[in-house]
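Take a moment to turn the model around before reading on. The paragraphs below will walk you through it a piece at a time.

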Amino acid sequence: MSNLNSNSNPSLSLLSPLTPPSLERTWLTAPHPTLPIVATCSTDKTVRIYSLTNFTLLSTITGGHKRSVRTAAWKPHITGESVLATGSFDATVGIWRRWDTYGQTTADHSTSLNDDDEAGLGSEADDDEEWRFAVLLDGHDSEVKSVSWSPSGILLATCARDKSIWIWEDLDDGDNNFETVAVMQEHAGDVKCVSWHPVEECLASGGYDDTIRFWREDLDDWGQVACIKKHEGTVWFIDWEGADNIPSTSTTTTVTATATTSTTADADANTATIQTQWCEQRALSGPRLISCSDDRTARVWRRLPKEGTNGINSSAATGIPSIIRPTGSDENWEEDAILPHAHELAIYAVAWSKKTGLVASVGADGRIVIYEERFVQSGAAPAPAPVEGEADSEAMEIDGPLKTEWAIVSVVDGAHGIYEINHAAWAKRADRGVEDGKDEEILITTADDGSVKVWTFQR
Amino acid sequence: MAEMQNSNPTILNVADLPTRSRELKKTTDHDSGIFAAVPNPADFLSSDSETDDDLLEEPIDEQEIYDLIKSISDPEHPLSLGELAVVSLPDIFIKPTLPSVPTSPLQTVTVLITPTITHCSLATVIGLGVRVRLEQSLPPRFRVDVRIKEGTHSTGDEVNKQLADKERVAAALENGALMQVIAKMMETCQ
């Protein structure tokens, strides 16, 4: 019961808005995978590139789209150049390129103006400021709602109101050629969101037909491998768990239970046991997916390990599980958790931090909610353990699969005043306020009035 | 536009539609409560700053919402939604959006629409017109919820889902052809 009270009020506090804001609705802000910049999509048909070091506008990408820019994603795994894909209500997807010179000219604490490896490009300073329009991907019949690059950066998935998902391959031939790899039309309504698995070439999608679907390639053919029909409203957004995520052990009931009888060393050993066991179980099912919906719920989904391997109910503590490589046949996904109810209206976005495991959700009620997943000691508190290390550690042996629970750790009402919040994303903190050597994270939220805000989360 | 779907709708007399002046005379809970304490309407005309504040805080009520949408034209008749009883005062509701947060200024306006016939394919357009009219006229602290009144339309749920979808509504606003129809419906609004 002391869980909540003993925490020193973890809270979300506003670090800075991004300025100047768009004067019209902004839909989404995509943080760059390596550089301290973000791309904000606006109804004014532009994409704004802001700096995360000083929170100001660096450049505005205009002239590419004829209607609202709804979505954007940065291509991962490229150096020296940034590549941005944008999706618009004008039914097209734009690809934009720019040499990476941000930081040399705009960062406030740049130390290496001269010895950077891009000196050759620096000669065309004017052109370097420009985003080069590379190509327009034409294929969708109506508004593009979401775009996502595969972890390798080779495949780009796009989806639209035309109920289809397109997968494009970036041929990377220096000529900006993209090839259509697949068109999937199983969704019965607008496809609202697509998102690639963090390491595998598995795509997840959600939509107006209330379903979440999973797609994989099997012998050169892309096909649906699973369909979840549990949400009772449009699925607005999905996000994957980080590949190495481990739920929090710092605040579990385990710790409180052991605190009375055991030493810190015991608690540490116990934590290590739990974490090892978690990793073993998790190698069987892989990263989970989180979804949010018009039905005001956010849910976590887990893939059931394939038949022929150890069932999930048997203790995973025995033996080292082999890594499952699904062969393209159907997969079973089950509901792992429903997050505690926290929104009164549609939830438009969820963001699962790849670094801390924290989840943020935002929606039409203007609220930001932060959740933490914690281990629950099932069948804890057995016979009061004698004050001996051995007996104590024996009591820590856990049968069956580990259980976790989700707890709300922070709620901010009216985070963007009276406006609806359309998107949230975690990013690496890069401003001067970051402590030396510390690897902090920030949350970036994007709202209907065009405002984008940067928040820090303190425990 | 194709053939008329309902060539002989029931029409209400404009003079019979509820108006602000009649509303004030009606004896309601408000009158015996807050409004009973207001001594004289003439006081509102003074430039006293206190009264100004009172005016600012006067909430937007159902009648005001009704007044905003009653004069929207039906897309297939030269008549207003009020005259056709597609919208009516008792089918308008204003509630706090976040009852659990007393300080929140957010309010949800719900408008239930009664299509003139149960299979009217223009129900979505009418609903969109009402939603657009309210979103453009009301302060942004209002969440607009436009729905087909239960049991009055064969595909009500479908229409409702579409009208509630922020992204679809936003995209519709950028659709030239659709907005021309909506603009035509709005011509009769002040």
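Two strands count as paired if DSSP finds at least two bridges between them. Strands themselves are DSSP runs of E with at least two residues, helices are runs of H or I with at least four residues, and both are numbered from the N terminus. What you are looking at is a predicted model, in which local features need pLDDT of at least 70, side-chain atom pairs count only at pLDDT 80 or more, and totals for chains, interfaces and linings use all residues. Residues are numbered from 1 along each chain as its sequence is written, while chains are lettered from A and ligands numbered from 1 in the order in which they are written.

Let us begin with strand S3 of chain A, residues 37–42. Its partner on one hand is strand S2 (residues 26–31) of chain A, and the two pair in the antiparallel sense over five bridges. Within this pairing, A:Ala30 has A:Ala39 of S3(A) as its bridge partner. A hairpin with five residues carries the chain from S2(A) to S3(A). S3(A) also pairs with strand S4 (residues 47–51) of chain A, again antiparallel and over five bridges. Here A:Ile37 stands opposite A:Ser51 in S4(A). The hairpin of S3(A) and S4(A) has four residues between the strands, and A:Lys45 in it takes a positive phi near 75 degrees.

Is S3(A) enclosed by the rest of the structure or left open? Six of the six residues of S3(A) are buried, so the strand is largely enclosed by the rest of the structure. A residue is called buried if 20 or more other C-beta atoms lie within 10 Å of its own, exposed if 12 or fewer do, and partly exposed in between, with C-beta atoms placed from the backbone. In a regular strand the side chains alternate between the two faces of the sheet. In S3(A), A:Ile37, A:Ala39 and A:Cys41 point one way, A:Val38, A:Thr40 and A:Ser42 point the other way, and all are buried.

Next, find the open sheet of four strands in chain A with the order S1-S29-S28-S27 and antiparallel pairing. Strand S1 (11–17) and strand S27 (421–428) stand at its edges with a single partner strand each, so one side of each has no neighbour in the sheet. Neighbouring strands of this sheet are turned by 30 degrees against each other on average, direction ignored. Such angles are taken between N-to-C directions and run from 0 to 180 degrees, with axes as lines fitted to C-alpha atoms, for helices over the stretch in contact. Six bridges join S1(A) to the antiparallel strand S29 (residues 452–458) of chain A, and A:Pro17 stands opposite A:Lys453 in S29(A).

A second open sheet of four strands in chain A, also with antiparallel pairing, has the order S10-S11-S12-S13. S10 and strand S13 (178–184) are at the edges with a single partner strand each, so one side of each is left without a neighbour in the sheet. From one strand to the next, the twist averages 20 degrees. Strand S12 (residues 165–170) of chain A runs antiparallel to S13(A) and is joined to it by six bridges; A:Glu169 stands opposite A:Glu179 in S13(A).

Where does A:Asp141 sit? A:Asp141 is in the loop between strand S9 (132–138) and strand S10 (144–149) of chain A. A:Asp141 is exposed, with 10 other C-beta atoms within 10 Å. Leaving aside neighbours within four places in sequence, A:Asp141 is in contact (C-beta atoms, placed from the backbone, within 7 Å) with A:Ala91, A:Ala160 and A:Asp162.

Now turn to chain B, whose secondary structure comes to eight helices and three strands. From the N terminus on, its elements run α-α-α-α-β-β-α-β-α-α-α. Buried residues make up 28% of the 190 residues in chain B.

Finally, look at where the chains meet: 15 residues of chain A are in contact with 14 residues of chain B. By class, the side of chain A that touches chain B has five nonpolar, four polar and six charged residues. In this count Ala, Val, Leu, Ile, Met, Phe, Trp, Tyr, Cys and Pro are nonpolar, Asp, Glu, Lys and Arg are charged, and the others, Gly among them, are polar.

Conventions: Two residues are in contact if their C-beta atoms, placed from the backbone, lie within 7 Å.
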